[in-house]
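Student: I have a chain open here and want to talk through it. Where do we start?

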Amino acid sequence: MTPELVQEAAQAVYPPFTAEHDLIRQTVKRFAREEIAPFAQEWDEAGIFPRELFGKAAGLGLFGVRISTELGGSGLDWWATAAALEALSWSDSPGTNMGLMVQGELTIPIVAELGTAEQREIFLKPAMAGEWIGALGISEPGGGSDVAAMRTRARADGDDLVISGQKLWITNGLRADFIVLAVRTGDTGHRGVSLVLFPTHTSGFSVGKKLKKVGNLCSDTAELFFDDCRIPARYILGEKNRGFYYIMHNFQGERLASAIQMVAAMDRCLEFAIQYGRERSAFGHPVGSYQVWRHKFAEAGRWLVYRALDLINRGQKAVREITMAKLYTSELAQRLTYDCMQIFGGFGYTTDYPISRYWRDLRLYTIGAGTSEVMKEIIAKEDGL
């Protein structure tokens, strides 16, 4: 089934895709093709994409799809988010998409949901306008997916919090203006974690280095250091010592957004492979005509993703379905990009075609937002095993 037929079938099964969603797709697709795709290789080689792109994305409303109109957003639903994220795949730059997703799906929604009026004015407003870049600071050296084991600590000192510690693997960390930062404000374990809004102009904050990665080359990833950084205690986001629960809740949106991006990215890889397979011949036949390749073009992951979308959009519990979608699509992407790249032969191993970028960049998704192993543990727990 071609990507076009899959999309048509999805629209038939899920009526929430409307003319409004089609307009979102067209608008974001045009943005992706004109403002990102022509520069994808250049930005990979430079190791970063321009800061100005955040402002351009904000102008399209990409950073406020589900944010209420009272807060300056579009007030739409998860189906609108899916339409936007799927269309963004036309950028052929998963690294750029990653940086934009962290802004629009990881930092802004949690500030909009938990922030006070003051916090929203200081942090949310410039972030939604693309004037400030946001990052999510959770992972630490040696901690990995174990959020409850974090060591970065915030001690109370009068009306302030004094923060010391280190964060690692932080997307947008090199140039973030603020960080939704997880810190320990209580005892050990998950009950002692809080979230704070941390302005990076704070004295004592430093970026250790920009990390060199295998893929997502234009998305900056950094290690961060906090040396007795003093911020107002009123910058605590939500309730003190409830940060672990906020993080687990936020993970659901991050994993669902990742799964949506995986499906869309696989669509693009299939399109590249099908087109090139028709053009390239081996032993007198187009490579794409061989049955062994046809069997690679199944996209069962889309239905898992849309099932999870449907549940979360109706306000129902979807931890199991989101986790399954994230696990399946991220694992499937590894096999699919490998096979699609194989169709290109030696050319697939060069940077002349976007397929090699997808092969490198999509490798991250079995690790980021929770490893595949952690996803399996969550599914087992949800199933009562």
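Student: Start with contacts. What share of them join residues at least 24 apart?
Tutor: Taking contacts (heavy atoms within 4.5 Å) between residues at least 6 apart in sequence, 75% join residues at least 24 apart.

Student: And what kind of model is this?
Tutor: This is a predicted model, in which local features need pLDDT of at least 70, side-chain atom pairs count only at pLDDT 80 or more, and totals for chains, interfaces and linings use all residues. Residues are numbered from 1 along each chain as its sequence is written, and side-chain values use heavy atoms, with hydrogens and water left out.

Student: What does pLDDT average over the chain?
Tutor: The average is 90, and 90% of the residues score at least 70. pLDDT is the predictor's confidence in each residue, from 0 to 100.

Student: Where does it stay under 50?
Tutor: Residues 1–12 are one such stretch, with 17 contacts beyond four places in sequence in the model. Residues 290–296 are another, with twelve contacts of that kind.

Student: How many helices and strands?
Tutor: The chain has 13 helices and ten strands. Both are DSSP runs numbered from the N terminus: helices are H or I of at least four residues, strands E of at least two.
Tutor: The radius of gyration, over C-alpha atoms, is 21 Å, close to the 21 Å that the globule rule gives for 385 residues, so the chain is as compact as a globular protein of that length. That rule is 2.2 Å times the number of residues to the power 0.38.

Student: How much of the chain is buried?
Tutor: Buried residues are 54% of the 385. Buried means under 20% relative accessible area, exposed over 50%, and partly exposed in between, with a 1.4 Å probe and protein chains only.

Student: Switching to Cys340: buried or exposed?
Tutor: Cys340 is buried, at 2% relative accessibility. It sits in helix H11, residues 319–343.

Student: What does Cys340 touch?
Tutor: Leaving out residues up to four places away in sequence, Cys340 touches Cys269, Leu270, Ala273 and Ile355. Ile355 is 15 residues from Cys340 in sequence, with 7.5 Å between their C-alpha atoms.

Student: Which phi value does Trp169 have?
Tutor: Phi of Trp169 is near 65°, positive in a residue other than glycine. Most residues other than glycine have a negative phi. Trp169 belongs to strand S3, residues 160–171, and is exposed at 54% relative accessibility.

Student: And Asn172?
Tutor: Asn172 has a positive phi too, near 70°. Asn172 lies in the loop between S3 and strand S4 (178–184) and is buried, with a relative accessible area of 0%.
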